Amino acid sequence: MKVPLAVAAAALPLVLVVIALHGSSPGLSAPASIAPAAQPTGSYAGLVSYGRDIIHDTPRYAGRYIRAGMSCEACHIDAGMKPHGGSFRGIYAKFPQWNRRAKRFIALQDRLAECFLYSMNGTPPAFTSKEMIALTAYIADASKGAPVGTGFPGQGTIEFEPDSTPSVTRGQAVYGARCTACHGANGQGSATYPPLWGPKSFNDGAGMHRIALMSAFVRYNMPFGSPPDTLSKQEAYDVSAFVLSHPRPKFDKKRAIAFPSQAAGTF
């Protein structure tokens with residue numbers, strides 16, 4: 001069933017995108033197998049490795065660019081290698097792509113900048129910075145062999161509709177039973193697991209602030225380490241409604257973003 005707009009508004013009082021970095025697929029299904037790419041070598045391998053380090057431990061390797069108390073891996077499980085878990089596999093081949101929010105064609109670096117601005121509630125690295133080049137290299141390496149313009153199938157989130165209207169009250173019960181062990185009763189997370197609301201979580205412009213995207217991610221990937229569909233469709237929607245009913249940082253779309261100027265010889 002469709003979720004009424006009034007219900008969605010109630011569940012999202014503040015109203016990556018997580019991301020068009022992952023598309024949608026109809027129904028839960030086994031992900032398509034992808035042949036492992038050849039391992040990079042030389043200085044390029046170091047760059048790819050640094051990109052993975054940033055995703056795995058963002059506060060350590062790119063902490064000056066974020067205000068959220070989490071790593072990119074919170075939304076891109078196994079450093080973006082898990083199908084339907086914020087997968088990066090094949091994504092490089094899908095850029096440039098039209099972005100509805102920006103109303104223009106964007107490059108992969110633009111999309112990564114969105115992650116820093118929304119999901120990490122921070123400021124993006126300059127497009128010529130080592131951090132941005134390393135992240136791009138890592139995603140490019142994860143996309144080897146992907147058809148240009150298409151990417152790999154079976155990697156995106158799997159959105160669905162609940163059986164009935166999402167309930168914050170039911171979601172609170174699901175959260176208490178299935179989520180507090182990792183994210184805490186107050187949703188503030190831990191050194192290992194990300195905060196789900198409050199000042200250190202993603203802001204209200206992030207893709208995870210859309211109930212459809214969060215419930216799709218939760219149903220396939222949570223509780224962490226569980227097989228897909230451990231939670232029912234309704235439980236995934238209800239617990240997402242509960243999480244999104246809490247306050248979080250507000251996105252300031254008028255904030256100016258400027259990168260350091262560079263000499264022409266840099267290019």
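**Exercise 1. The largest pocket**

About 700 Å³ of space lies in the largest pocket of this structure. Find out which residues line this pocket and what kinds they are.

*Solution.* Before we start, note that this is a predicted model, in which local features need pLDDT of at least 70, side-chain atom pairs count only at pLDDT 80 or more, and totals for chains, interfaces and linings use all residues. Residues are numbered from 1 along each chain as its sequence is written, and side-chain values use heavy atoms, with hydrogens and water left out.

Step 1: On a 1 Å grid over the protein atoms alone, a pocket is an open set of points where a 1.4 Å probe fits, with protein on both sides within 12 Å along at least five of seven lines; lining residues have an atom within 4 Å of a point. The volume is the space filled by probe spheres set on the points, which are joined across faces, edges and corners.

Step 2: Look at the lining. It has 34 residues, and Ala74, His183, Tyr193, Pro194 and Met222 lie nearest the pocket's centre.

Step 3: Sort them. The lining divides into 23 nonpolar, 7 polar and 4 charged residues. Here Ala, Val, Leu, Ile, Met, Phe, Trp, Tyr, Cys and Pro count as nonpolar, Asp, Glu, Lys and Arg as charged, and the others, Gly among them, as polar.

Step 4: Helices α4, α8 (180-183), α9 and α10 each supply at least two lining residues. Helices (H or I, at least four residues) and strands (E, at least two) are DSSP runs, numbered from the N terminus.

**Exercise 2. The nonpolar core**

Describe the largest nonpolar core and the surroundings of Ile139.

*Solution.* Step 1: A nonpolar core is a set of buried Ala, Val, Leu, Ile, Met, Phe, Trp, Tyr and Cys residues joined through side-chain atoms within 4.5 Å. Buried means under 20% relative accessible area, exposed over 50%, and partly exposed in between (1.4 Å probe, protein chains only).

Step 1: The largest core has 54 residues, and Ile139 and Tyr138 are among those with the most contacts inside it. Elements giving two or more residues include α2 (42-56), α6 (130-142) and α10 (233-244). The largest share, 7 residues, comes from α10.

Step 2: Leaving out residues up to four places away in sequence, Ile139 touches Phe88, Ile91, Tyr92, Leu108 and Leu112. Contact means heavy atoms within 4.5 Å.

**Exercise 3. An aromatic pair**

What kind of pair do Tyr50 and Tyr61 form?

*Solution.* Step 1: Rings of Phe, Tyr and Trp (its six-membered ring) pair if their centres lie within 6.5 Å; planes under 30 degrees apart count as stacked, over 60 as edge-to-face and the rest as tilted. The structure has 11 such pairs.

Step 1: The ring centres of Tyr50 and Tyr61 are 6.2 Å apart and the planes stand at 80°, so this pair is edge-to-face.

Step 2: Tyr50 lies in helix α2 and Tyr61 in helix α3 (residues 58-62), so the pair ties together parts that are 11 residues apart in sequence.

Step 3: Tyr50 is buried at 16% relative accessibility, while Tyr61 is partly exposed at 25%.
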